[in-house]
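Opened the notebook for a new model today.

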Amino acid sequence: MQSWRRKSLWLALLASWLLILLGLFPLLRLAVPTSPRAGAPQGWPRWLDTELLQSFAKPGELLEDGPRPPQALRGGSCNWGACFDTSKCRGGGLKVFVYPAAGPVSETRRRILASVEGSRYHTLSAAEACLLLLLSPDTSTGERDPVPPQWDGGRNHLVLSLHPAPCPRTFQLGQAMVAEASPTVDTFRPGFDVALPLLPEAHPLRGGAPGQLRQHSPRPGVALLALAEDGGRWHVAGTDFSACPWDGRCEQDRGPKQTHPGATLPNATFCLIPGRGPDVLHFLQALQAGCIPVLLSPRWELPFSEVIDWTKAAIVADERLPLQVLTALQEMPLTRVLALRQQTQFLWDAYFSSVEKVIHTTLEIIQDRIFGPSAHPSLLWNSPPGAILALPTFSPSPSDFPFYHLQQGSRPLGRFSALIWGGALGQPPLKLIQAVAGSEHCAQILVLWSSEKPPPTRWPKTAVPLTVIDGHRKVSDRFFPYSAISTDAILSLDAHSSLSTSEVDFAFVVWQSFPERMVGFLTWSHFWDEARGGWGYTAKRTNEFSMVLTSAAFYHRYYHTLFTHALPKALRTLADEAPTCVDVLMNFLVASVTKLPPIKVPYGMWHQEARPPPLEPGGPGLRQEPQPAAQNCINQMAAGFGHMPLVSSRLRLDPVLFKDPVSVLRKKYRSLEKP
Amino acid sequence: MCASVKYNIRGPALIPRMKTKHRIYYITLFSIVLLGLIATGMFQFWPHSIESSSDWSVQKRSIRDVPVVRLPADSPVPERGDLSCRMHTCFDVYRCGFNPKNKIKVYIYSLKKYVDDAGVPVSSTISQEYNELLTAVADSDYYTEDIARACLFIPSIDLLNQNALRVKETAQALAQLSRWDRGTNHLLFNMLPGGPPDYNTALDVPRDRPRRYFLLSSQMALHPEYREELAALQARHGEAVLVLDKCTNLSEGIPAARKRCHKHQVFDYPQVLQEATFCVVLRGARLGQAVLSDVLRAGCIPVIIADSYILPFSEVLDWKRASVAVPEEKMSDVHSILQSIPQRQIEEMQRQARWFWEAYFQSIKAIALATLQIINDRIYPYAAISYEDWNDPPSVKWGSVSNPLFLPLIPPQSQGFTAIVLTYDRVESLFRVITEVSKVPSLSKLLVVWNNQNKNPPEDSLWPKIRVPLKVVRTAENKLSNRFFPYDEIETEAVLAIDDDIIMLTSDELQFGYEVWREFPDRLVGYPGRLHLWDHEMSKWKYESEWTNEVSMVLTGAAFYHKYFNYLYTYKMPGDIKNWVDAHMNCEDIAMNFLVANVTGKAVIKVTPRKKFKCPECTAIDGLSLDQTHMVERSECINKFASVFGTMPLKVVEHRADPVLYKDDFPEKLKSFPNIGSL
């Protein structure tokens with residue numbers, strides 16, 4: 001007991017000392033003057049008499065400004081407001097006329113002309129055009145082009161020049177805009193001119209090579225840094241650059257070095273590009289290679305700088321601070337490196353990989369200027385799938401698109417619209433309508449009646465509204481953006497489709513997790529046919545698939561807008577002529593946007609047994625095997641897209657307890673498991 | 001009992017035993033010493049501290065004591081500014097040099113009063129706003145007192161209002177600054193921020209007044225040409241357009257700046273701005289218009305009709321989101337242009353305009369800091385603030401997720417995956433796992449993390465011979481987080497984390513898991529799925545491992561994921577989660593599920609029907625009671641992590657991934673993954 005008391009005494013004593021000490025320290029700190037030099041100027045002083053200070057301007061002074069007459073800027077210092085007449089673009093939006101080439105044209109010019117003609121803005125009549133495109137004469141020929149007929153002082157003209165060299169212009173530019181490859185910052189007029197990338201001679205017209213980054217890897221493993229050298233070559237350096245002068249040229253030997261000949265792409269994390277190097281080609285090479293461009297005080301405007309946020313994909317550093325840049329690159333957080341590399345790939349693929357993309361991006365920029373407030377927001381330009389594939393006319397709000405839910409913190413609407421393509425059928429698909437209307441997620445049913453016969457006046461009673469839309473014969477019209485479609489999700493169906501409510505419910509829940517993809521029940525797969533030297537596709541059941549049939553598939557309604565307004569007309573005509581082609585086309589379109597395969601969900605085999613025998617060949621319905629003639633369609637599509645966008649998948653998404661040996665009562669989607 | 005015994009043993013050992021007499025002696029001695037110390041402190045420092053306690057950090061001086069500098073009439077005038085200046089030509093970055101924090105250093109010249117030969121002051125010493133601005137700079141991280149270390153210089157000569165300046169004399173004053181050097185690296189503020197400061201109080205109250213007017217013009221001194229255009233607009237669109245002008249018939253005593261009139265109707269300014277959806281900002285004598293600030297503050301969307309007007313901070317702020325720019329030539333169309341903007345976009349713009357005002361223009365301090373941040377971003381571009389950080393209002397930032405693996409791609413199969421086996425001492429089981437996993441075709445490397453410090457791993461000759469490289473990593477401490485360390489030995493992007501007792505997974509199952517990961521490289525791909533549920537009675541999260549129709553987590557006893565998540569787990573795990581996991585020796589898998597879901601905003605992918613990892617040998621100890629404590633612990637983990645993350649990031653889904661032909665009526669030998677295993 002005594003030890004207890006002794007101890008508590010000690011403790012009390014200790015505690016009191018501690019308290020005293022604790023109390024004393026702040027006092028000591030207060031007491032010791034913090035500044036050794038009393039009276040020296042220290043920080044910005046807190047004035048004792050701030051209330052005596054006056055405001056920098058008297059009330060009213062700012063409002064009494066004398067007015068100045070408006071100045072119209074003309075000629076050399078043109079800007080968009082003063083030198084472009086948007087009144088011509090009213091109504092039809094941007095219409096582009098391109099002056100036909102006179103005489104023989106070079107390959108590059110031919111590609112540019114083809115790209116403009118393939119654009120959705122192209123018009124053949126100069127009178128109705130609001131933008132007239134003039135290809136700057138080839139510098140090599142030295143020929144003097146006459147002033148074009150509709151010149152009008154250059155008003156509403158865009159002079160396209162793919163070479164940065166000051167081209168010998170035989171006429172004054174007047175009020176024309178200039179789209180020039182790598183223009184110098186001194187002559188570039190922001191918001192009026194367009195900066196283009198410098199394209200190599202053999203740049204493909206369409207499609208184009210994909211980026212080199214095949215996986216999300218922050219470091220390619222070979223080198224940290226590659227330096228641009230003359231002639232489009234790269235000097236891959238290790239991590240030791242202490243001996244390297246920073247103008248991009250290194251005389252000394254720095255251990256292991258490899259020099260790539262020709263246009264080989266650099267295999268490094270960062271690509272150092274000197275600012276005044278004549279060879280701006282390096283920039284595109286680095287972009288394609290997924291090598292983060294480090295531009296040292298560039299004297300040229302970065303391509304499409306009006307809309308592309310280059311800080312997300314490149315680093316513009318000061319050439320005078322080499323060591324600092326180097327340290328910053330070495331110490332850059334992994335997360336940032338990863339993000340920068342991925343952005344290079346996205347930008348390359350969205351805007352630079354083909355001549356067509358470069359031209360279309362240019363036109364899209366002009367279109368955005370005309371649109372003013374309803375132009376693409378910055379998010380649409382700077383995140384996948386890019387502004388060419390995200391039409392601002394669809395919606396002003398990014399959360400209406402299927403692509404930006406994560407960035408916006410939004411989710412797709414929780415209901416769907418069933419769109420039943422009537423085909424040539426004379427009978428309403430009663431069973432199908434009942435099954436679909438039975439889904440708790442169904443908001444409405446739309447029937448596209450396209451038979452010769454008038455639609456029946458009586459339709460089955462359903463829990464959801466049923467609307468009949470009339471009068472379309474063309475197959476491609478099933479993907480028209482009907483204003484009646486009020487939900488984000490569309491369940492596209494044929495009159496012949498057979499589905500159960502469970503299947504619809506589950507597929508829709510899956511779609512909500514993947515709103516940018518197609519979620520379907522029946523699949524096709526494409527393959528490379530060695531024998532025929534072309535693509536083929538099959539409906540046979542295989543271990544993988546790359547297309548889902550639109551006769552029963554969920555997808556976002558945005559794809560209707562894209563299908564109707566962004567696809568080249570030739571491809572849609574093709575689909576109208578060979579109706580099975582429309583499935584291929586839709587799958588091509590979605591795959592080229594998402595770069596991902598569609599999603600397959602389980603589909604009861606009993607549907608197929610219960611189904612009536614196939615109707616007329618090629619007609620809509622649950623087509624089992626594509627017709628031989630239709631096989632050719634996939635090759636035409638691939639040619640139209642310039643590449644094969646389809647991606648294969650080896651998985652199917654099933655309900656969590658699908659066919660598990662547990663009580664059926666535990667399972668949410670029971671009827672999916674019918675034998 | 002245990003605790004008190006320990007205490008009794010330890011207590012006396014710490015305090016030396018002493019006789020009572022001695023103890024008292026010591027206590028007294030110590031107290032005297034202490035008292036002495038206190039007394040010394042009091043006498044030595046007390047008087048000082050009373051005097052200086054209020055200004056021990058910053059000096060307080062009177063504005064009237066500012067030193068006076070006489071400028072001779074013939075002192076040098078600086079050259080005119082070079083209009084072709086660019087950051088890389090005119091700015092001397094060498095002064096900024098290397099800086100680990102990537103922050104510029106700003107020096108402020110001390111305040112002087114400049115007078116000319118006749119003794120007449122060159123300008124007012126300093127205005128209230130400029131003092132506020134310099135105070136904000138001095139209080140920021142950028143400020144330095146050492147002129148030699150500074151990379152940016154701010155003169156204390158007040159240039160805010162150009163009208164009040166004596167230009168030549170002010171220039172002379174600038175030229176004699178100690179580091180002027182033709183103005184290199186000097187930052188001059190010349191601005192018209194906001195209206196006069198005497199009418200802000202009345203404004204901040206009613207934010208959401210009905211916006212009665214569609215378009216409003218409130219500027220007073222406008223060119224007649226503009227006024228005509230505006231009048232025409234009003235005539236065409238009637239009530240929706242309101243054009244205000246200076247009041248001519250105001251009685252005495254009412255400040256003219258606070259009133260605007262339309263014909264004989266008098267409106268309070270700037271309150272009237274709150275009643276309009278769009279407000280016109282027209283070109284005046286200066287391009288920059290004070291009305292812009294008033295308009296932003298009122299939550300009205302500015303309609304800029306002034307060609308070549310560079311909007312404030314336009315280098316970083318996306319004004320398209322908060323304003324409408326109409327070319328001067330198209331002024332007559334302004335109504336139809338605005339009419340074409342959908343309502344949702346208008347609301348978005350209003351929100352954006354308000355956010356710009358609050359974040360960057362509300363106070364002199366906000367303006368000063370935004371200015372310095374922009375310059376800082378130019379000098380240290382690799383550490384610059386992103387577009388989203390500048391432009392997204394907090395409500396958007398909070399809900400948005402930026403997936404670090406956002407690029408949609410399917411990695412090539414050829415690279416394969418690295419299996420990481422965490423083991424302690426179950427060598428026999430470990431060897432079986434190694435043998436089984438090595439049968440998976442896409443395995444490219446096997447990494448054994450030896451977590452036992454007391455025992456050496458078996459000799460090389462004893463390990464099973466497999467076709468891929470096998471590496472053993474020894475750890476310094478037996479910690480669960482070692483399994484998620486980004487070892488340099490991992491050369492593939494795909495990682496398979498696998499326990500040393502998971503021998504039931506078939507080769508087909510693992511290979512299929514890898515194929516699924518390739519299609520979802522930004523997700524956790526695992527076998528048994530688990531679910532979190534909200535327990536309404538207890539008002540907290542609950543861990544669920546029963547047969548559910550949903551999953552939100554996968555166990556990492558065997559799971560594929562991207563190597564990058566190892567880096568995130570080790571270096572970027574929020575709060576104390578990592579230590580918590582190591583201390584509890586549990587829930588590392590839940591922590592990984594939280595981390596991945598939080599950073600990607602996406603759900604896990606459960607593969608194949610498997611529900612449990614049950615090793616045949618350990619069923620005996622897997623008793624019911626153990627199971628229950630296990631569940632309680634796991635639930636606790638979920639609640640703990642949710643509180644650290646500040647949200648519940650896990651996403652619930654109802655699907656799992658199976659091979660395309662799984663359980664289909666199809667010949668087994670034609671299926672790619674026939675042996676998908678059991679539950």
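Below are my entries, in the order I looked things up.

**Entry 1: chain B overall.** I'm keeping in mind that this is a predicted model. I began with chain B, where I find 18 helices and 23 strands. Of its 679 residues, 53% count as buried. The exposed surface comes to about 31,900 Å², and carbon and sulfur atoms supply 54% of that. I also checked contacts between residues at least 6 apart in the sequence of chain B: 76% of them join residues at least 24 apart.

**Entry 2: strand 14 of chain B.** How many residues of strand 14 of chain B are buried? I get seven of the eight in 443-450, so the strand is largely enclosed by the rest of the structure. Strand 13 of chain B (residues 417-423) runs parallel to strand 14, and seven bridges join them. The chain gets from strand 13 to strand 14 through helix 13 (residues 427-437) of chain B, in a right-handed β-α-β crossover. For a landmark I picked B:Val421, whose bridge partner in strand 14 is B:Val448. Strand 14 also pairs with strand 15 of chain B (residues 470-474), again in the parallel sense, over five bridges. There I noted B:Val449 opposite B:Val473.

- B:Glu315 and B:Arg378 meet at 2.7 Å, N to O. B:Glu315 sits in the loop between strands 11 and 12 of chain B and B:Arg378 in helix 10, so the pair ties together parts 63 residues apart in sequence. B:Glu315 is partly exposed, at 47% relative accessibility, and B:Arg378 is partly exposed at 38%.
- A:Arg110 and A:Glu107 meet at 2.8 Å, N to O. Both are in helix 3 of chain A, three residues apart, about one turn of the helix. A:Arg110 has 39% relative accessibility, hence partly exposed; A:Glu107 is also partly exposed, at 39%.
- A:Asp193 and A:Arg189 meet at 2.9 Å, N to O. Buried or exposed, these two? Both are buried.
- A:Arg541, A:Arg652, A:Asp654 and B:Asp664 are linked in a salt-bridge network.

**Entry 3: A:Arg155.** I found A:Arg155 in the loop between strand 3 (131-135) and strand 4 (157-161) of chain A. What does A:Arg155 contact, leaving aside neighbours within four places in sequence? I get A:Ala82, A:Cys83, A:Phe84, A:Asp85 and A:Gln175, plus B:Glu329 from chain B.

How values were computed
Residues numbered from 1 in each chain as written. Chains lettered and ligands numbered in written order. Predicted model: local features only at pLDDT ≥ 70, side-chain atom pairs only at ≥ 80, totals over all residues. Heavy atoms only, no water. Helix = DSSP H or I, 4+ residues; strand = E, 2+ residues; numbered from the N terminus. Contact = heavy atoms within 4.5 Å. Buried < 20%, exposed > 50% of the residue type's maximum accessible area, 1.4 Å probe, protein only. Areas by Shrake-Rupley, 256 points an atom, 1.4 Å probe, with all protein chains shown as cover. Pairing = 2+ DSSP bridges. Right-handed = clockwise from strand over helix to strand, strands pointing away. Salt bridge = Lys/Arg side-chain N within 4 Å of Asp/Glu carboxyl O.
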